[in-house]
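Hi,

Here's the structure I said I'd send over. Have a look at it first, and then read on for what turned up when I went through it.

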Amino acid sequence: MFAAAHYAALVVFVVSCWGWGRGLLARLAPPPRRDGWLEAAVAVALGIGLFICAFQVLAIFGVFKLGATLAVIAAGVVVAALQLPSWLRQQRALRVDAVAAPWTYFERIAMVALVLVALPALVAPLAPPAAFDELMYHLPYAREVAQQGSLGIHEWLRYPWFPYNYNLLYAAALQVGDDVLPHFLNALAGGLSVVMIYRLGMLHANRLTACIGAAIWLGLGDYSNALIDMGVALFALTACVSLWWWRESQPVHSGMRWLGLAAFCLGVAAGSKYQALVFMPLVALFVVWHERRPKAWALALVCFLIPCIYWYARNAVMTGDPFNPIGARVFGFSEWIPADYVQQLADVRDHAEMPNALIWSVFLAPFGPLWKRSAAVRAAGWFCFYSLAVWVVTSRYPRYLTASFPLLAMTAAIGWQVLFGWIAAGVRRLFGMKAATTEGVPELTNRRSAARIGDWVVVLLLAVLAAVSVRQTAGKVAMISPTPETREAFLRKHVPGYAVMDYLRQHPTGRVYQIALNEAIYYGPNPIWGDTLGPWRYADFLLLTPGDMANKLAKLGFTAIVMPDHLAPTLATRAGFDTHFAPLFAQDGSRAYRILPTAP
């Protein structure tokens with residue numbers, strides 16, 4: 001029932017998004033190459049973008065409340081019901097026109113692999129929030145918006161000035177359900193991208209490419225948290241699809257609305273994460289290559305700004321840095337000091353590593369026949385190469401490449417086919433040589449032997465994949481916590497500092513300053529201060545003597561501090577600490593101290 005309730009809520013939201021999205025898409029010219037499921041996925045993505053804009057407007061005016069959220073969702077369901085009959089007729093017409101090729105042996109194998117990879121992803125969103133970043137600022141920010149019904153600057157968060165488009169969906173989810181529901185909105189972005197990749201593979205390559213590409217993206221995505229990287233990936237992919245529909249429109253001028261849709265999706269992505277801005281130079285080059293009229297560029301600019309201008313304009317007016325805090329070197333420092341900037345960049349470099357090996361084959365795609373035959377495949381390939389080049393020059397942090405992963409997965413699928421083709425050709429040559437040198441063995445027998453070997457290899461790979469899938473699914477199922485007792489046990493095991501944070505939340509003492517427990521602040525008092533960066537940085541307090549630290553904290557209104565046990569030998573054993581701090585609560589490797597009143 002726990003899973004059914006959450007999936008039912010997701011279905012209602014998807015239907016509402018589809019209703020709003022298709023209502024708008026119906027006013028655009030049909031895509032040059034029709035695909036019902038691709039258009040449906042784009043409609044849902046567009047509906048999500050419209051929801052984000054609606055929630056943003058409601059929150060700006062301070063009326064983002066439960067009633068307004070339910071009203072917008074209900075209206076979308078009604079719009080969907082009104083459009084359903086015409087959509088079904090359209091789908092029947094498209095199926096009549098389509099001629100489906102019979103499934104080959106390898107295509108069936110690829111589809112089985114895709115289903116196996118999907119199993120853990122279907123279960124993963126049901127776990128309670130336990131990922132570092134979702135607990136540090138994604139969900140705390142969403143909770144603040146949900147409770148207050150308005151947008152605010154919450155300086156106790158590490159990134160109070162970030163654009164938070166996709167997090168507004170999490171705020172709405174917290175209004176209507178529990179904190180597991182945001183996981184489903186993150187998973188929805190990944191699932192829609194999977195559908196788009198599969199249908200794009202079918203349109204511009206083949207069924208095998210579609211299955212492999214969708215499976216790679218499924219394997220790369222993280223469906224168990226409430227981050228926003230997969231949301232950014234969804235809107236970057238939807239923008240690319242819309243751009244290609246605009247490119248295929250004849251003449252291009254007749255598809256200007258598709259250009260506006262692409263710009264809108266990029267705006268939603270840029271209003272969710274700064275990294276989405278890296279796509280702007282490539283998109284601008286692509287557009288200017290085909291369209292130079294000021295009218296078209298003005299339309300694209302307006303559509304881009306609608307979903308994201310609030311965040312950048314607010315930051316520019318209030319801090320002087322539209323990209324706060326990452327633009328500090330250019331626009332001046334505000335909350336962050338130069339040392340914070342250096343520390344953040346050092347942290348990114350510490351996480352630098354090679355991306356998942358599944359996408360390395362993207363560099364082989366230009367050697368295959370699909371590259372020469374399909375302009376869409378070449379466009380996707382250049383998008384991938386550009387994304388990789390920018391990523392290598394900037395961060396080399398794998399998560400910052402997530403927005404490009406869907407198209408990387410599809411292009412890598414083409415590269416894997418090139419590689420397998422080379423291997424198969426080598427095997428055929430090898431058995432051909434044996435046929436020429438082995439007396440009395442016909443060539444046909446050698447080919448059958450090679451086929452049997454290939455079959456056994458495929459069976460072995462599927463067996464390994466099935467075992468991995470079952471194991472991962474079982475692990476995800478074990479993380480589901482439908483009751484308060486199982487949730488408590490899960491969080492105490494997976495969230496360092498949860499027990500102490502939960503105690504302080506249930507027994508409020510006043511302002512709390514946390515030390516090195518950023519990953520647990522969502523479960524602590526609301527709000528809670530302390531971070532490695534920003535105005536509440538640890539260095540401004542912990543380097544003081546215990547007496548000075550207690551005085552400074554007390555003057556700022558703090559009544560307690562909380563820290564992990566491994567810091568106690570450094571902080572709690574300093575001379576004078578017991579004079580100014582008293583133990584309050586300790587459990588599961590963390591402890592809290594009360595700040596004692598200081599004598600005048």
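**The second largest pocket**

Three helices, α5 (132-148), α15 (338-350) and α17, each put at least two residues into the lining of the second largest pocket. Before going further, a reminder that this is a predicted model.

Which helix gives the most to that lining? It's α15, with 7 residues. The lining of this pocket runs to 46 residues in total, and the ones nearest its centre are Gln275, Gln344, Val348, Tyr397 and Tyr400. Sorted by class, the lining comes out as 27 nonpolar, 10 polar and 9 charged residues. The volume of the second largest pocket is about 1,200 Å³.

**Cavities**

Rolling a probe the size of a water molecule over the atoms shows where empty space is left. How many cavities of 30 Å³ or more does the structure hold? There are 4 of them, and the largest cavity has about 90 Å³ of space in it. That one is lined by 16 residues, with Leu157, Arg158, Pro160, Trp336 and Pro535 the closest to its centre. Its lining splits into 10 nonpolar, 2 polar and 4 charged residues.

**Two buried loop residues**

Lys273 sits in the loop that links α10 (256-270) and α11 (280-290). Is Lys273 buried or exposed? Its relative accessible area is 13%, which is under the 20% cut-off, so Lys273 counts as buried. Setting aside residues up to four places away in sequence, Lys273 touches Pro163, Ile228, Asp229, Val232, Arg399 and Tyr400. Tyr400 has already come up, as one of the residues nearest the centre of the second largest pocket.

Thr402 belongs to another loop, the one between α17 (375-394) and α18 (405-437). With a relative accessible area of 10%, Thr402 is buried because that value also falls under 20%. Beyond its neighbours within four places in sequence, Thr402 is in contact with Trp217, Asp229, Met230 and Ala233. Asp229 is on the contact list of Lys273 and on that of Thr402.

**Helix α8**

Trp217, one of the contacts of Thr402, is among the buried residues of α8. This helix covers residues 207-220, 14 residues in all, and spans 20 Å from first C-alpha to last, close to the 20 Å expected at 1.5 Å a residue. How many of the residues of α8 are buried? The count is 12 of 14, so the helix is mostly covered, taking buried as under 20% relative accessible area. Among them are Arg207, Thr209, Cys211, Ile216 and Leu220.

**Strands around β4**

Finally, the strands. β3 (residues 581-587) and β4 (residues 590-595) run antiparallel and are joined by 6 bridges. Together β3 and β4 make a hairpin with 2 residues between them, and in the turn Asp588 has a positive phi of about 55°. Strand β2 (residues 558-564) is also antiparallel to β4, with 5 bridges between them.

Which residues stand opposite Ser590 in β4? Gln587 is one of them, and Pro564 is another.

That's everything I have for now.

Cheers

Definitions and conventions: Residues numbered from 1 in each chain as written. Predicted model: local features only at pLDDT ≥ 70, side-chain atom pairs only at ≥ 80, totals over all residues. Heavy atoms only, no water. 1 Å grid on protein atoms, 1.4 Å probe; cavity = no way out; pocket = protein on both sides within 12 Å on 5 of 7 lines; lining within 4 Å. Points joined across faces, edges and corners; volume = space filled by probe spheres on them. Nonpolar A, V, L, I, M, F, W, Y, C, P; charged D, E, K, R; others polar. Helix = DSSP H or I, 4+ residues; strand = E, 2+ residues; numbered from the N terminus. Buried < 20%, exposed > 50% of the residue type's maximum accessible area, 1.4 Å probe, protein only. Contact = heavy atoms within 4.5 Å. Pairing = 2+ DSSP bridges. Expected span 1.5 Å × (residues − 1).
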